[in-house]
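Morning, everyone. I have one structure to go through today, so let me put it on the screen.

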Amino acid sequence: MLAITSLLNTQSAERINRLIKSLETEFGLDDVQATPDPHITYQLAGVRKLSALKQVLRDVARSTRPFVAHTTGLGVFPGPNPVIYIPVLRSDDLNQLHHRILQVTVPLCLRTDKFSGPDCWLPHISLALHDTTPELLGPVMQYLNQHTFNLKLTINNIAILRQEGELFVQEKRFAFEGHKHDLVPTLFERPTPQQGNPELSCEA
C-alpha cells in the first residue's frame, strides 16, 4: 500500500518532530518515527501502475494553488494501541483537494482503506501509534496537555510515501503550481483618457 499525502512545511514539521522525539524521551514511544516526514494522509492505496499514479497526481498538483490549513486540540483513535493525533480542520480547500485526489486515483486502485472516503476521512497528524497502550494513554495525554496545538499549515504539495523496510519514505513529491498560472500585471498600463489627452491635463 502507498500513502498519498501532503508533507508539512519545514517549520511545522520541525515542531511536530520535536514533540514526537519528546514522547520517545518521556515514554519510549517511537513507532511513529517509522515515517520521518510529518504529513496529512488523503488515501492509502494499492495501485496497478505506479507511473500512472504519479502522472495523475502531478496533474492535480500543477493545477492546485497552495493554501493554509489549521489544526487544533488533540484526538485519540481508541484500541489496544491507541493512536494519538492532532486533528486538521476540514476546509473547502482541503475537502476539494481530497475529492480531486480520490477522483483521479479510483480508476487506478486495486484496493483502498475504508477511512479514505469523504464521509469518513479525518485529516490528522499522528503523534503516537502502534507502540502505545491504554495504560500509557492517560500519562501521555497529561504530558501533551502542557502544549498547544493551534498550528497554521501551508499545504503546497502532494507526496507519495512507500514502505522501505521498516520505514515509510518519499517516493515522489509534487509541488503545487496553480499559482504560477495567475495573470501577472504588465509593467506598463495603458493611459487613462485623462493621462493620454493633453487637453484634459491641468497646468499650474
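Predicted model: local features only at pLDDT ≥ 70, side-chain atom pairs only at ≥ 80, totals over all residues.

Is Asn157 buried or exposed? Its relative accessible area is 1%, and the cut-off for buried is under 20%, so Asn157 counts as buried.

What does the side chain of Asn157 do in there? A polar atom of that side chain lies 2.9 Å from the backbone nitrogen of Leu7. The Asn157 side chain also makes a polar contact with the side chain of Asn156, at 2.9 Å. Leaving out residues up to four places away in sequence, Asn157 touches Thr5, Ser6 and Leu7, and also Arg173, Phe174, Ala175 and Phe176.

Next, a pair of helices. The axes of H1, residues 10–27, and H4, residues 134–144, come within 11 Å. At what angle do these axes cross? Roughly 130°. Angles from 65 to 115 degrees count as roughly perpendicular and those over 145 as roughly antiparallel, so H1 and H4 are described as oblique to each other. The handedness of the H1 and H4 crossing is right-handed.

Which residues meet there? On the H1 side we have Leu19, Ser22, Leu23, Glu26 and Phe27, and they face Leu136, Pro139, Val140, Tyr143 and Leu144 of H4. By type, the residues of this contact between H1 and H4 are eight nonpolar, one polar and one charged.

Val88 is in a loop, the one between strand E5, 83–87, and helix H3, 92–105. What does Val88 touch? With residues up to four places away in sequence not counted, the list is Ile40, Ala69, His70, Thr71, Leu94, Pro123, His124, Ile125 and Leu153. Take Ala69 from that list. Val88 and Ala69 are 19 residues apart in sequence, and their C-alpha atoms are 7.1 Å apart.

Last, the chain as a whole. How many helices and strands does the chain have? Five helices and 10 strands. For contacts between residues at least 6 apart in sequence, 79% join residues at least 24 apart.

Definitions and conventions
Residues numbered from 1 in each chain as written. Heavy atoms only, no water. Buried < 20%, exposed > 50% of the residue type's maximum accessible area, 1.4 Å probe, protein only. Polar contact = N/O pair within 3.5 Å; in protein donor to acceptor, adjacent residues only side chain to side chain. Contact = heavy atoms within 4.5 Å. Axes fitted to C-alpha atoms, helices over the stretch in contact; angles between N-to-C directions. Helix = DSSP H or I, 4+ residues; strand = E, 2+ residues; numbered from the N terminus. Parallel < 35°, antiparallel > 145°, perpendicular 65-115°, else oblique. Left-handed = near helix turned anticlockwise from the far one by under 90°. Nonpolar A, V, L, I, M, F, W, Y, C, P; charged D, E, K, R; others polar.
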